[in-house]
Amino acid sequence: KRVVCRYLDGREEEIPFDQYQEKAAISEEAALGNLSDELAQSEIDEIVFEHPNLDLCSSGVEIIDSPGLNEHPNRTAITQKLLKDIDAAIFLTNASRSLTQGERDLLQDLKSQLNDGFPDKPAENLFVVGNFMDLVRTEKGLEQVQKRIERFVKGENPIVAGENRIHFISAQSALNAVLNGTEDEWLKTFQRFTKSIEKFLTDERGSLKIKQAATKINDLIQASFEGLHQTE
């Protein structure tokens, strides 16, 4: 169990747990105002948590908490770079104001990037998660949020493909249940979400990689045939 801080100049050091927040935090003014100066001056590239009791990670999985795609351009660039080498992406939206037009545009772009630049087919390795569902106070409101997200994500021009790719959670309520040793519906919905991620990474990811490789090979063969035809 340890925390490793890696710096932009290539250095890395193990730091105590109680130093993490000091190392990683930015001021409240910067967070609220989306100011870039503090981030631009930061020497930190990434901070890595390692823990022996995380079963998924002990199987070789790395979980990356990346900056949002609609944040400052510097942070967006970091996430764009990460997207080139990941097996699955989780897109979080605030259920109380879910899927703004900006988020819809981002999801379309994300779908294309996860499909190697092909925008016309849905992404099999993209999960869309509505968080803060506990803040939606009425049953009708909950139903409307779910329909709005599902209609866009799985509508006429679907964003995702595969089973259990859309989830509605309250991360804070689930965490409270874990800390209090209780079990409620929010904990169950969060567990269904994590189980779907585990199933994808353990059962579905390999076949998807093979399909993607086969598609690239077929595209190369087709391009070769076209080149030969032009030569003839």
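What share of the 232 residues in the chain is buried? Buried residues account for 28% of them, where buried denotes a relative accessible area under 20%, exposed one over 50%, and partly exposed one in between (1.4 Å probe, protein chains only). The model is predicted: local features need pLDDT of at least 70 and side-chain atom pairs pLDDT 80 or more, whereas totals for chains, interfaces and linings use all residues. Residues are numbered from 1 along each chain as its sequence is written, and side-chain values rest on heavy atoms, with hydrogens and water left out.

**Figure 1. Overview of the chain.** The secondary structure comprises nine helices and six strands; helices (H or I, at least four residues) and strands (E, at least two) are DSSP runs numbered from the N terminus. Along the principal axes, the C-alpha atoms fill a box of roughly 70 × 50 × 35 Å. Of the contacts (heavy atoms within 4.5 Å) between residues at least 6 apart in sequence, 61% join residues at least 24 apart.

Figure 2. Four bridges join strand S1 (residues 2-7) to S2 in the antiparallel sense, and Val4 stands opposite Glu14 in S2. Axes are lines fitted to C-alpha atoms, for helices over the stretch in contact, and angles run from 0 to 180 degrees between N-to-C directions.

Figure 3. Rings of Phe, Tyr and Trp (its six-membered ring) pair if their centres lie within 6.5 Å; planes under 30 degrees apart count as stacked, over 60 as edge-to-face and the rest as tilted. Four aromatic pairs are counted by this rule. The pair of Phe17 and Phe49 is edge-to-face, because the ring centres lie 6.4 Å apart and the planes stand at 65 degrees. This pair links distant parts of the chain, with Phe17 in helix H1 and Phe49 in strand S3, 32 residues apart. Phe17 is partly exposed at a relative accessible area of 42%, and Phe49 is partly exposed at 47%. Ring pairs join Phe17, Tyr20 and Phe49 into a cluster.

**Figure 4. An aromatic pair within helix H9.** Phe190 and Phe193 form an edge-to-face pair, with 5.9 Å from centre to centre and 75 degrees between the planes. Both residues lie in helix H9, three residues apart, about one turn of the helix. Phe190 is partly exposed at 27% relative accessibility, whereas Phe193 is buried at 9%.

**Figure 5. Packing of helix H8 on helix H9.** Helix H8 (residues 171-180) and helix H9 (residues 185-231) pack at an angle of about 105 degrees, and their axes are 8 Å apart. H8 is therefore roughly perpendicular to H9; angles under 35 degrees count as roughly parallel, over 145 as roughly antiparallel, 65 to 115 as roughly perpendicular and the rest as oblique. Ala171, Ser173, Ala174, Ala177 and Val178 in H8 meet Trp186, Leu187 and Phe190 in H9. The residues of this contact comprise seven nonpolar, one polar and no charged. Ala, Val, Leu, Ile, Met, Phe, Trp, Tyr, Cys and Pro count as nonpolar, Asp, Glu, Lys and Arg as charged, and the others, Gly among them, as polar.

Conventions:
Two strands pair if DSSP finds at least two bridges between them.
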